[in-house]
Amino acid sequence: MFAMMGSFVKLATEHGASLPQIVLFRGFPSVVLLLLWARAGRQSIMPTSWRLHLWRNVAGVTSMWLGFFAISHLPLATATSLNYTAPLFIACWMLGWGGAQRDPVRIAAVALGFAGVIAVLRPSINHDQWLAALFGLGAGAMSAVAMLQIRQLGRIGEPEWRTVLFFSLGVCLSSMAGLAIEGWGHADLLGYAALVGVGVAGLFGQLAMTRAFGVGSALLTAALQYSTIIFAALLGMGFWGDRPDALAWAGMGLIIAAGLLSVWRTMRMPSEA
């Protein structure tokens with residue numbers, strides 16, 4: 001879903017959508033659909049913990065904007081690689097404070113997966129791009145903080161849809177500031193269709209990710225997140241004519257190996273099943 005969302009973002013940009021527009025449509029369909037679903041099911045939207053939602057939104061929205069800044073000032077491969085340092089930050093946190101999840105095998109799997117990302121994307125940074133690179137690294141760190149807050153929300157029984165709803169509200173509010181500064185974009189009909197795709201794919205991806213981090217193994221989920229790179233590469237081949245070389249395919253193999261290693265290790269630890 002996140003790979004599809006990224007493809008829709010690329011398509012929307014090519015057809016005149018502005019960055020604040022993309023951010024707005026990233027959150028708005030989720031807000032509408034989840035509020036309709038809650039109304040139909042007579043579900044309460046009152047959160048279990050305002051504090052955890054606040055920190056999740058601050059970290060998640062900050063990560064989104066830092067990542068977009070990095071993408072706009074760095075080569076796409078570099079910005080994407082920096083954004084995918086989030087699982088490494090999670091692994092480092094688990095190594096120090098993870099308790100039962102302080103598992104060196106799955107931490108090694110996360111590192112192996114990131115090595116695969118580097119092989120696929122091969123980032124590079126010029127001497128005048130260090131500020132943007134730091135912002136990209138900050139996006140990865142803040143994304144890790146957001147994911148750990150999602151885990152805490154899952155542990156206290158917060159349903160996934162409510163976590164995604166409040167995050168989407170935060171995304172919409174943050175887009176208003178961007179629209180006030182930059183104004184509305186000039187998207188054509190296909191651009192607006194792509195913007196809707198950004199929101200719908202983002203909604204289902206966010207629900208799946210929230211569920212995985214909320215009740216599953218944080219390190220397993222972190223390693224499997226790298227599979228986004230593989231799906232993105234396949235979509236790039238199908239729609240933009242991208243042709244990965246041998247090193248890129250080897251990197252995808254490392255990503256798959258990291259995911260399989262994490263799955264195997266988690267299955268050997270039934271207490272986390």
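Buried here means under 20% relative accessible area.

Figure 1. The structure shown is a predicted model. By the cut-off above, 49% of the 273 residues of the protein count as buried. The exposed surface comes to about 13200 Å². Carbon and sulfur atoms supply 71% of that surface.

Figure 2. The protein holds twelve helices and zero strands. Read from the N terminus, the elements run α-α-α-α-α-α-α-α-α-α-α-α. The radius of gyration is 18 Å, close to the 19 Å given by the globule rule for 273 residues, so the protein is as compact as a globular protein of that length. Along the principal axes, the C-alpha atoms fill a box of roughly 50 × 50 × 35 Å.

**Figure 3. Helix H8 and the residue that follows.** H8 covers residues 160–182, 23 residues in total. From first C-alpha to last, H8 reaches 33 Å. That span is close to the 33 Å expected at 1.5 Å a residue. Just after H8 comes Gly183, with a positive phi of about 85°.

**Figure 4. Contacts across the sequence.** The set considered here is contacts between residues at least 6 apart in sequence. Of these contacts, 90% join residues at least 24 apart.

**Figure 5. Charged side chains.** The protein carries 16 positive and 10 negative side chains. The centres of the two sets lie 14 Å apart.

Terms used. Residues are numbered from 1 along each chain as its sequence is written. This is a predicted model: local features need pLDDT of at least 70, side-chain atom pairs count only at pLDDT 80 or more; totals for chains, interfaces and linings use all residues. Side-chain values use heavy atoms; hydrogens and water are left out. Helices (H or I, at least four residues) and strands (E, at least two) are DSSP runs, numbered from the N terminus. The expected span of a helix is 1.5 Å times one less than its number of residues. The radius of gyration is taken over C-alpha atoms; the globule rule is 2.2 Å times the number of residues to the power 0.38. Buried means under 20% relative accessible area, exposed over 50%, partly exposed in between (1.4 Å probe, protein chains only). Contact means heavy atoms within 4.5 Å. Accessible areas come from the Shrake-Rupley method with a 1.4 Å probe; for residues, only the protein chains shown count as cover. Lys and Arg count as positive and Asp and Glu as negative; His and the chain ends are not counted. The place of a charge is taken as NZ of Lys, CZ of Arg, CG of Asp or CD of Glu.
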